[in-house]
Amino acid sequence: MSSSPRENATEAAAIVFGVASILLVLCIRFPALFTTELAREFATERVLRVATSLVTLASLVAGGLTLHNRRSLRSALGLGLVLTSLLLGGPTAPRLAGSGSLLSADWLVLDGLLLVALFIPIERRLASHRTLRAGWKVDAAYFISNHLLAQSFIVLGAAVGHFLFHSVRIEATSRLPLALQVLCLLLVADLFQYWLHRAMHEIPALWAIHAVHHSADELDALAGSRVHLAETLLTRTVLASTFYLMGFTLPAILLFGALIAIQATLLHLRGRLSYGWLDRVIVSPKFHHWHHSSDREALDTNYAGTFAFLDRVFGSYHLPEGRWPLRYGVVKEVVPSSYWGQFFSPLKHL
Ligand SMILES: [Zn+2]
Ligand SMILES: [Zn+2]
């Protein structure tokens with residue numbers, strides 16, 4: 001029996017909210033294991049319980065509608081997930097204390113809901129609806145693994161920062177107003193990221209890792225998640241240790257993290273989104289689409305992630321008026337299509 005796009009969307013919503021509900025219950029029960037240590041000050045137990053109630057309710061409604069429309073095993077999955085969440089204790093699950101923190105399920109849920117509620121609807125307005133791109137499942141695996149492991153990378157980066165810069169830490173930065181700190185963070189991070197990114201294009205061993213990010217032949221809200229774990233580890237460690245050295249405060253780093261997460265998804269959206277003259281100052285989707293182009297004129301250009309003027313300053317700027325790339329992807333490399341194939345592919349270049 002064929003199903004309408006609306007029915008498919010309700011079914012997907014029931015599953016996404018069901019998974020989110022289970023993850024949030026795990027965050028409540030085992031905060032030490034599943035939540036981001038940095039964010040616990042804001043995503044308090046009370047906030048988690050309210051969020052779980054809302055997500056559970058949304059999943060129950062979507063699951064009920066789906067099952068009402070179509071009685072199949074797949075349509076029952078959303079309800080099955082939310083019932084599992086309730087069996088685990090739902091919004092009233094007991095909280096178990098513990099120490100150490102390695103996973104960030106809270107971060108995965110937050111960004112996952114943002115993806116479903118904000119970016120996918122924007123993308124649908126920008127580009128006519130098409131069937132799901134080949135490779136979306138691999139990118140979903142990247143989305144999950146990179147989000148879940150964010151906490152581990154931050155802990156590692158902070159430890160490296162503490163080890164290297166403990167005695168030379170700049171304390172005065174913490175007295176700057178929050179907005180100024182966030183602006184400084186964006187600038188400092190983009191400067192570091194510019195040269196790290198450029199090195200990844202120019203040094204063959206690093207390109208073998210970064211080629212994974214460029215291997216998507218089409219861009220969309222999920223394609224930006226395709227980043228090899230080694231690249232995520234390298235970038236986060238460099239940035240977290242630098243932030244430690246510079247002495248930025250926790251709220252400023254959290255705000256910066258949220259802005260960067262939104263920006264990383266925006267830049268890869270399917271469709272043609274440009275900011276007009278601002279494209280020359282701030283990195284827009286159009287600017288980053290050219291970075292992903294395999295057209296000869298665009299190779300190894302537009303490295304910045306936030307401030308487009310960095311590419312003007314360092315001579316790698318490419319933004320033709322009124323034109324968009326014709327092709328995307330890598331030029332001659334063969335990047336495997338599976339997650340684990342991509343995971344091990346850089347080893348062949350050693
Ligand atoms: Zn690149
Ligand atoms: Zn990209």
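Me: Where is Asn-302?
Reply: Asn-302 sits in the loop between H12 and H13. Keep in mind that this is a predicted model.

Me: Is Asn-302 buried or exposed?
Reply: Buried. Its relative accessibility is 0%, and the cut-off for buried is under 20%.

Me: What about phi of Asn-302?
Reply: Phi is positive, about 55 degrees, although Asn-302 is not a glycine.

Me: Which loop holds Asp-300?
Reply: Asp-300 lies in the loop between helix H12 (285–291) and helix H13 (309–313). Its phi is near 55 degrees, a positive value in a residue other than glycine.

Me: And how accessible is Asp-300?
Reply: Asp-300 has 43% relative accessibility, so it counts as partly exposed. Asn-302, by contrast, counts as buried.

Me: New topic, helices. At what angle do H3 and H4 cross?
Reply: Roughly 150 degrees. The axes of helix H3 (residues 45–69) and helix H4 (residues 73–87) come within 8 Å. H3 and H4 are therefore roughly antiparallel, since the cut-off for that class is over 145 degrees.

Me: Left-handed or right-handed crossing for H3 and H4?
Reply: The crossing of H3 and H4 is left-handed.

Me: Which residues make that contact?
Reply: From H3 come Thr-56, Ser-59, Leu-60, Gly-63, Gly-64, Thr-66 and Leu-67. From H4 come Ser-75, Ala-76, Gly-78, Leu-79, Val-82, Ser-85 and Leu-86.

Me: How many nonpolar, polar and charged in the contact of H3 with H4?
Reply: Six are nonpolar, eight are polar and no residue is charged.

Me: Now H8 and H9. At what angle do they pack?
Reply: Helix H8 (residues 178–202) and H9 pack at about 105 degrees, with their axes 6 Å apart. That makes H8 and H9 roughly perpendicular to each other.

Me: What meets what there, in H8 and H9?
Reply: H8 brings His-197, Ala-199, Met-200, His-201 and Glu-202. H9 brings Pro-204, Leu-206, Trp-207, His-210 and His-214.

Me: On to H6. What should its 13 residues span?
Reply: At 1.5 Å a residue, helix H6 (residues 136–148) should span 18 Å. Its end C-alpha atoms are 18 Å apart, which agrees.

Me: Which residues of H6 are buried?
Reply: Val-138, Asp-139, Tyr-142, Phe-143, Ser-145, Asn-146 and His-147.

Me: And what covers the buried residues of H6?
Reply: The cover includes helix H5 (105–126), helix H7 (150–165), helix H9 (204–214), helix H10 (229–246) and helix H14 (339–344).

Me: Take H7 then. How many residues?
Reply: H7 has 16 residues. From first C-alpha to last, H7 reaches 22 Å, close to the 22 Å expected at 1.5 Å a residue.

Me: Which residues of H7 are buried, and what do they pack against?
Reply: The buried residues of H7 are Ala-150, Gln-151, Ser-152, Phe-153, Gly-157 and Gly-161. They pack against H5, H6 and H10.

Me: Last one. Where is Trp-340?
Reply: Trp-340 is in helix H14.

Me: Is Trp-340 buried or exposed?
Reply: Exposed. Trp-340 has a relative accessible area of 53%, and exposed means over 50%.

Me: How many residues separate Trp-340 and Val-116 in sequence?
Reply: They are 224 residues apart in sequence. In space, Trp-340 and Val-116 are 26 Å apart, C-alpha to C-alpha.

Key. Residues are numbered from 1 along each chain as its sequence is written. Chains are lettered from A and ligands numbered from 1 in the order in which they are written. This is a predicted model: local features need pLDDT of at least 70, side-chain atom pairs count only at pLDDT 80 or more; totals for chains, interfaces and linings use all residues. Side-chain values use heavy atoms; hydrogens and water are left out. Helices (H or I, at least four residues) and strands (E, at least two) are DSSP runs, numbered from the N terminus. The expected span of a helix is 1.5 Å times one less than its number of residues. Buried means under 20% relative accessible area, exposed over 50%, partly exposed in between (1.4 Å probe, protein chains only). Contact means heavy atoms within 4.5 Å. Axes are lines fitted to C-alpha atoms, for helices over the stretch in contact, and angles run from 0 to 180 degrees between N-to-C directions. Angles under 35 degrees count as roughly parallel, over 145 as roughly antiparallel, 65 to 115 as roughly perpendicular and the rest as oblique. A crossing is left-handed if the near helix is turned anticlockwise from the far one by less than a right angle, and right-handed if clockwise. Ala, Val, Leu, Ile, Met, Phe, Trp, Tyr, Cys and Pro count as nonpolar, Asp, Glu, Lys and Arg as charged, and the others, Gly among them, as polar.
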